[in-house]
Amino acid sequence: MLQAYWYMTKMRLLTSLAYRFEVFASVGTNLILMLASVFLWKAAYGGGTQQINALSLQDLTTYTVLSIMLASVFVCGVQDTIYYKIREGQIVTDFYRPIPLLACYLADDLGGMLSAMINKVIPLFVFAALFFGVPWPASLAGFLLFIPSCLLSYAILWLLSALIGLIAFWVMELGNMGMVKDSIVRVLSGSIVPLWFFPESVQTVSKFLPFQYTYQTPLGIYIGNIGIQDALAAMGVQFIWVALLFILLAACWKRTKSKTLIQGG
Amino acid sequence: MEAVIEVNDLVKEYIITKKESGLRGALKGLLFPEKKTVRGVDGITFSIAQGEIVGYIGPNGAGKSTTIKMLTGILHPTSGSIKVCGISPQADRKSVVRKLGVVFGQRTQLYWDLRLGESFELLRRIYQIDKETYEDNLSILTDVLKLQEFIHTPVRQLSLGQRMRGDIAAAMLHSPSILFLDEPTIGLDADAKHAIRLFIKEINQKRGVTVILTTHDLDDVEQLCSRLVVVNHGKVVEDGPMVSLIHKLAPHRLLVVELQHPFSDLTHPLAEIIKQDGLKIWYKFEKDRISAAQLISELSQKLPIQDLSVKEPNIEDAIREVYKTT
C-alpha cells in the first residue's frame, strides 16, 4: 500500500518537473509579487531605520521572501481534484480501487510539493539572495523549529482544503468556495502582512482560528520574532489544530461517503 | 455451476426534487421543494454462474448502470440483497472490488499524465499484485491487446481505441474473476471492436472469467453473449439464452420476393405485406402458422417470381419487440 502512495508521489513529482512553462510562469509571478511586497515595506519604513513592533526592515524582507516561497511549496490541489473528479464523474473509478481516496490525493499533493521545492523554491531563493541578500534565519534553533512548524502548517492547510473539497460532494457546484477560502487564508494567515500589524481585536480573534498558524507561526519562528518558548507553545497549538481538523475531516468523509453511496450523489 | 453473482429483489429508489420552469417555478422550488420518489431499479432478481458471458441490456435509463453500481458496491440498494462471490459488496466493498475488473467505455481509470505502462505499475502497487503474476498478466495482455506500440505513450495522447484497450488491460491486471464491461466498444472502429471482442472471448474461455456486458451495440451481444438479461423500467423483462429469446420475441420471418413484372393480386391469407418497393415485396409470416416452404410454393403458383429470399429475425428485432411491448 505504501508503495502505491510512494509511486503516486514519485509520478506527480516527475510529471510536475516536466511542465516547464508552468514553472516559468509561477516563478515569474512570485518574483514580481516578492519584489512588489518588499518595495512596499521599504516605502512604509520610509527609508528610515525606525522600528515598528520591534521588526526591522530586514526581518520583514526575510518574512515576505519566505512567505512567498512557502506559498509555492504548500501545494493543496485536493479541493480542485475532488471538484473536477466529481464534475466529470471520474470519482467513480477511484471508488473502484481498494485504496483510500483521500490518502491518494495527499500522496499526489506531496509529489507536487517535492517538485515545487526543486523547481520553484530554488530559483526564487537565488533571485531573492541576488536582490535582497540571503534571507538567513535569526538563529540555528529558529531554523530547526521552522522545519517541523512548516510541516504542521502544511497539514492544517491540506486538511482545510480537503474539507472544502468534500463540500463538492454535497452541492455539486463548488463555485467560488475555494477562492473564498484561499483569500481568507491569505489574509488571516499573515502571509501578506503579518498579523502583528493588525488591530488588537483582530489579533485576539485570530488566535482562536487556525489560519495564523499556517504562515505566521513558522515565519515568525524563522525571523526570530517568536522566541523558542513561544515557538514550542505555538507548535503545540498547530498540533491541536491538525488533530481537530483531522477528526473533523474523518467524520465528514465518513458521512459524505455513506451519503454518496446511499443516494448516488 | 456455482453462482458468482446473486441478486435478489433489488430495489433502488431515488428522491428527486421536481423542478418547474420559469422564474416562479424556480422560486417555488427553492422555498417548497417538491420531492418525488423514483424507482430506478424495481425488484430485479437474477443469478449468474461462473464462466458465463451475460449481456445486460435495456434502453437508456432502464436501470442498467444503477444495477452495475450496486453490484460493485459504490451504491447501496434501498432493499434487496446482492452477493458477489458470496460477499455483500455493501458490507465489504474493498474485498469485493479486488475480485472485480470494471471498464467504462465513457470513462478511463488510467492516469491522464502518466504513460500507459506507468499507470499499470501504479495499479500493480494499489492491488498489491506480486511481480511474477503481474509480469505474466501483462505479457499476455500486451500480446492479445497489442499494447506494445503505445505502452510508453502518455495516456492523454492515446486514440480512443488504444485507450480502451489500455483500460481493459488495466482492469484485468489483478486477475479478477468477474469483469464488468459498460459499453466497451462505444465509439470504436470495426478493427478495435473486433480486437476487444476477441479478447473477451479469450479470457472467458481460457481463464473462466465471468463477463457482464452492458451495451447498445447488438453485434457485441450477438457475437459474445450466450445469455441475455433484458431490463426496462427497472424490471427484468426477459432472461434467457439468446437463441430462445429471439425465437420467443420475434417468431416471424421475412420473405422477400422479386417479381418479373407487375402483378395485381399479391395477397396471401397467412402472410402480411409489410413493404413494397417496385417489383420487390416483403412478406412477414409466422413460421408456426405456415412454413417458409409452403408459403413459397403457394405464392409461386400465382406470382411470376424472379427471385426470393427468407430472412431470419436478428437480435435487433427481438430487442425492439421487448422495448415496444413494455
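Start with two helices in chain A: helix 4 passes helix 7 in a right-handed crossing. This comes from a predicted model, so treat everything below as computed geometry. Helix 4 of chain A covers residues 78-87, and its axis runs 7 Å from that of helix 7 of chain A, at an angle of about 15°. Angles under 35 degrees count as roughly parallel, which makes helix 4 of chain A roughly parallel to helix 7 of chain A.

Who touches whom here? On the helix 4 side of chain A you'll find Val78(A), Gln79(A), Ile82(A), Tyr83(A) and Ile86(A). Across from them, helix 7 of chain A brings Trp158(A), Ser161(A), Ala162(A), Ile164(A), Gly165(A), Leu166(A), Ala168(A) and Phe169(A). Sort the residues of this contact between helix 4 and helix 7 of chain A by class and you get ten nonpolar, three polar and no charged.

Now stay on helix 7 of chain A, which spans residues 140-171, and look at its packing with helix 8 of chain A, residues 177-188. Their axes are 10 Å apart and the angle is about 160°. Anything over 145 degrees counts as roughly antiparallel, so helix 7 and helix 8 of chain A are roughly antiparallel to each other. The crossing of helix 7 of chain A past helix 8 of chain A is right-handed.

For that pair, Leu160(A), Ile164(A) and Ile167(A) in helix 7 of chain A meet Met177(A), Gly178(A) and Lys181(A) in helix 8 of chain A. That contact of helix 7 with helix 8 in chain A splits into four nonpolar residues, one polar and one charged.

Another pair in chain A is helix 3, residues 57-73, with helix 10, residues 216-223. What angle do helix 3 and helix 10 of chain A pack at? It is about 135°, with the axes 10 Å apart, and helix 3 and helix 10 of chain A are therefore oblique to each other. Helix 3 of chain A passes helix 10 of chain A in a right-handed crossing. Asp59(A), Thr62(A), Tyr63(A), Leu66(A) and Ser67(A) sit on the helix 3 side of this chain A contact, and Leu219(A), Tyr222(A) and Ile223(A) on the helix 10 side. The tally for the contact of helix 3 with helix 10 of chain A is five nonpolar, two polar and one charged.

Over to chain B. The domain assignment divides chain B into domain 1 (3-247) and domain 2 (250-314), and the C-alpha centres of domain 1 and domain 2 of chain B are 43 Å apart.

How do the chains meet? Their contact draws 18 residues from chain A and 19 residues from chain B. On the chain B side, helix 3 (93-97) and helix 4 (116-126) each supply at least two residues. Helix 4 of chain B gives the most, with five residues. By class, the side of chain B that touches chain A has nine nonpolar, three polar and seven charged residues.

Finally, the confidence numbers. Chain B has an average pLDDT of 85, and 98% of the residues score at least 70. For the model, ipTM is 0.81 and pTM is 0.82.

Technical notes
Residues are numbered from 1 along each chain as its sequence is written. Chains are lettered from A and ligands numbered from 1 in the order in which they are written. This is a predicted model: local features need pLDDT of at least 70, side-chain atom pairs count only at pLDDT 80 or more; totals for chains, interfaces and linings use all residues. Two residues are in contact if their C-beta atoms, placed from the backbone, lie within 7 Å. Helices (H or I, at least four residues) and strands (E, at least two) are DSSP runs, numbered from the N terminus. Ala, Val, Leu, Ile, Met, Phe, Trp, Tyr, Cys and Pro count as nonpolar, Asp, Glu, Lys and Arg as charged, and the others, Gly among them, as polar. pLDDT is the predictor's confidence in each residue, from 0 to 100. Domain bounds come from an automatic or database domain assignment. Axes are lines fitted to C-alpha atoms, for helices over the stretch in contact, and angles run from 0 to 180 degrees between N-to-C directions. Angles under 35 degrees count as roughly parallel, over 145 as roughly antiparallel, 65 to 115 as roughly perpendicular and the rest as oblique. A crossing is left-handed if the near helix is turned anticlockwise from the far one by less than a right angle, and right-handed if clockwise.
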